[in-house]
Amino acid sequence: MRVRIDEIVFDCAEPAVLARFWAALLGGDPVDRSPDWSYVDPPDWTRVAFQRVPEGKSVKNRLHLDLHADDIGAATAWAQGLGATRTGGIVVDTQGSFQVLLDPEGNEFCFVSGVSRPTG
(Lines give C-alpha, C1' and ligand atoms only; values in the text may rest on other atoms or scores of the structure.)
Protein backbone atom coordinates (compact mmCIF):
# COMPACT_ATOMS: atom_id res chain seq x y z
CA MET A 1 0.00 0.00 0.00
CA ARG A 2 1.13 3.55 -0.72
CA VAL A 3 -0.25 6.84 0.46
CA ARG A 4 0.22 10.35 -0.85
CA ILE A 5 0.69 13.71 0.80
CA ASP A 6 -2.69 15.39 1.09
CA GLU A 7 -1.46 18.64 2.61
CA ILE A 8 1.40 20.15 4.56
CA VAL A 9 0.22 21.80 7.78
CA PHE A 10 1.99 24.56 9.69
CA ASP A 11 1.05 25.11 13.34
CA CYS A 12 0.76 28.85 13.91
CA ALA A 13 -0.85 31.73 15.80
CA GLU A 14 -2.51 33.51 12.85
CA PRO A 15 -3.68 31.09 10.12
CA ALA A 16 -5.21 33.76 7.87
CA VAL A 17 -2.02 35.87 7.92
CA LEU A 18 0.19 32.92 6.96
CA ALA A 19 -2.23 31.72 4.28
CA ARG A 20 -2.02 35.11 2.60
CA PHE A 21 1.78 35.24 2.84
CA TRP A 22 2.22 31.76 1.35
CA ALA A 23 -0.46 32.38 -1.32
CA ALA A 24 1.49 35.45 -2.44
CA LEU A 25 4.71 33.42 -2.49
CA LEU A 26 3.43 30.19 -4.12
CA GLY A 27 0.31 31.29 -5.98
CA GLY A 28 -3.26 30.27 -5.35
CA ASP A 29 -6.00 31.90 -3.33
CA PRO A 30 -6.03 31.86 0.47
CA VAL A 31 -9.09 30.18 2.01
CA ASP A 32 -10.20 30.70 5.60
CA ARG A 33 -12.12 27.60 6.64
CA SER A 34 -12.48 28.95 10.18
CA PRO A 35 -10.62 31.39 12.44
CA ASP A 36 -8.40 28.43 13.40
CA TRP A 37 -7.73 26.94 9.94
CA SER A 38 -6.70 28.48 6.63
CA TYR A 39 -5.08 27.07 3.52
CA VAL A 40 -3.84 27.73 0.01
CA ASP A 41 -3.79 25.39 -2.99
CA PRO A 42 -0.71 26.45 -5.00
CA PRO A 43 -1.01 25.63 -8.72
CA ASP A 44 0.26 22.11 -9.50
CA TRP A 45 1.26 21.41 -5.90
CA THR A 46 0.04 20.08 -2.58
CA ARG A 47 -2.22 22.12 -0.31
CA VAL A 48 -0.42 24.17 2.35
CA ALA A 49 -2.55 24.62 5.47
CA PHE A 50 -2.25 26.65 8.65
CA GLN A 51 -3.69 25.52 11.97
CA ARG A 52 -3.96 27.73 15.06
CA VAL A 53 -2.25 26.27 18.13
CA PRO A 54 -1.98 27.83 21.60
CA GLU A 55 1.78 27.56 22.00
CA GLY A 56 4.27 29.77 20.18
CA LYS A 57 7.16 28.62 18.02
CA SER A 58 10.22 28.15 20.21
CA VAL A 59 12.79 26.18 18.20
CA LYS A 60 13.91 25.62 14.62
CA ASN A 61 11.47 23.75 12.39
CA ARG A 62 12.11 20.03 11.95
CA LEU A 63 10.81 20.34 8.39
CA HIS A 64 10.99 23.23 5.95
CA LEU A 65 10.21 23.96 2.31
CA ASP A 66 12.95 24.50 -0.29
CA LEU A 67 11.63 26.68 -3.11
CA HIS A 68 13.47 26.87 -6.43
CA ALA A 69 14.43 30.38 -7.56
CA ASP A 70 16.52 31.21 -10.63
CA ASP A 71 17.65 34.45 -8.95
CA ILE A 72 17.91 33.92 -5.20
CA GLY A 73 18.73 37.55 -4.46
CA ALA A 74 15.68 38.85 -6.34
CA ALA A 75 13.43 36.17 -4.81
CA THR A 76 14.71 37.08 -1.35
CA ALA A 77 13.99 40.78 -1.84
CA TRP A 78 10.51 39.96 -3.16
CA ALA A 79 9.76 37.64 -0.20
CA GLN A 80 10.99 40.29 2.24
CA GLY A 81 8.51 42.69 0.66
CA LEU A 82 5.79 40.16 1.47
CA GLY A 83 6.86 39.93 5.12
CA ALA A 84 9.68 37.34 5.17
CA THR A 85 12.91 37.88 7.10
CA ARG A 86 16.29 36.91 5.67
CA THR A 87 18.58 34.85 7.89
CA GLY A 88 22.28 35.16 7.04
CA GLY A 89 23.50 35.46 3.49
CA ILE A 90 23.34 33.33 0.38
CA VAL A 91 25.28 30.09 0.87
CA VAL A 92 27.13 28.73 -2.18
CA ASP A 93 28.65 25.26 -2.34
CA THR A 94 29.33 22.56 -4.93
CA GLN A 95 25.63 21.56 -4.98
CA GLY A 96 24.26 25.03 -5.67
CA SER A 97 23.11 28.02 -3.67
CA PHE A 98 20.51 28.68 -0.99
CA GLN A 99 19.15 31.45 1.20
CA VAL A 100 17.36 30.79 4.50
CA LEU A 101 14.35 32.96 5.29
CA LEU A 102 11.60 33.09 7.92
CA ASP A 103 7.91 33.56 7.18
CA PRO A 104 5.97 36.13 9.27
CA GLU A 105 5.72 33.67 12.21
CA GLY A 106 9.34 32.53 12.06
CA ASN A 107 8.94 29.28 10.09
CA GLU A 108 12.09 28.59 8.09
CA PHE A 109 12.10 28.11 4.33
CA CYS A 110 14.83 28.36 1.70
CA PHE A 111 15.23 29.63 -1.81
CA VAL A 112 17.50 27.22 -3.69
CA SER A 113 19.15 27.27 -7.09
CA GLY A 114 21.32 24.81 -8.97
CA VAL A 115 20.81 22.03 -6.44
CA SER A 116 21.40 18.68 -8.08
CA ARG A 117 19.15 15.78 -7.15
CA PRO A 118 20.24 12.15 -7.02
CA THR A 119 18.78 9.90 -9.70
CA GLY A 120 17.69 6.30 -9.44
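**Entry 1: helix α2.** I looked up what the buried residues of α2 pack against, and found α1, β6, β7 and β8. I took contact as heavy atoms within 4.5 Å. Buried means under 20% relative accessible area, exposed means over 50%, and partly exposed lies in between, with a 1.4 Å probe and protein chains only. Helices (H or I, at least four residues) and strands (E, at least two) are DSSP runs, numbered from the N terminus.

This is a predicted model, so I kept the cut-offs in view: local features need pLDDT of at least 70, side-chain atom pairs count only at pLDDT 80 or more, and totals for chains, interfaces and linings use all residues. Residues are numbered from 1 along each chain as its sequence is written, and side-chain values use heavy atoms, with hydrogens and water left out.

Which residues of α2 are buried? I listed Ile72, Ala75, Thr76 and Ala79. They sit on the same side of α2, because they cover an arc of only 100° around the axis. That arc is taken from the directions from the helix axis to the C-beta atoms. An α-helix has 3.6 residues a turn, so residues three or four places apart point the same way.

Next I checked the ends. Asp71 caps the N-terminal end of α2, with a side-chain oxygen 3.2 Å from the backbone nitrogen of Gly73. A polar contact is a pair of N or O atoms within 3.5 Å; within protein, one must be able to donate a hydrogen and the other to accept it, and residues adjacent in sequence count only if both atoms are side-chain atoms. Gly83 follows α2 and has a positive phi, near 120°.

**Entry 2: the sheet.** I traced an open sheet of four strands, ordered β5-β8-β7-β6, with mixed pairing. Two strands pair if DSSP finds at least two bridges between them. From one strand to the next, the twist averages 20°.

I then followed one pair. β6 and β7 (residues 96–102) run antiparallel over six bridges. Arg86 has Leu101 in β7 as its bridge partner. Helix α2 (residues 72–82) packs on this sheet and touches β6, β7 and β8 (108–113). The direction of α2 makes about 150° with that of β8. Axes are lines fitted to C-alpha atoms, for helices over the stretch in contact, and angles run from 0 to 180 degrees between N-to-C directions.

**Entry 3: salt bridges.** I used this rule: a side-chain nitrogen of Lys or Arg within 4 Å of a carboxyl oxygen of Asp or Glu. How many salt bridges does the rule give? The count is four.

Glu14 bridges to Arg52, with the closest N and O atoms 3.9 Å apart. Glu14 lies in the loop between β1 (7–12) and α1 (15–26), and Arg52 in strand β4 (residues 47–52), 38 residues apart. Glu14 is partly exposed at 41%, and Arg52 is partly exposed at 31%.

Asp32 and Arg20 meet at 2.6 Å, N to O. Asp32 is in strand β2 (residues 30–34) and Arg20 in helix α1, so the pair ties together parts 12 residues apart in sequence.

Asp41 and Arg47 form a salt bridge at 2.8 Å, N to O. Shared partners join Glu14, Asp36 and Arg52 into one network of salt bridges.
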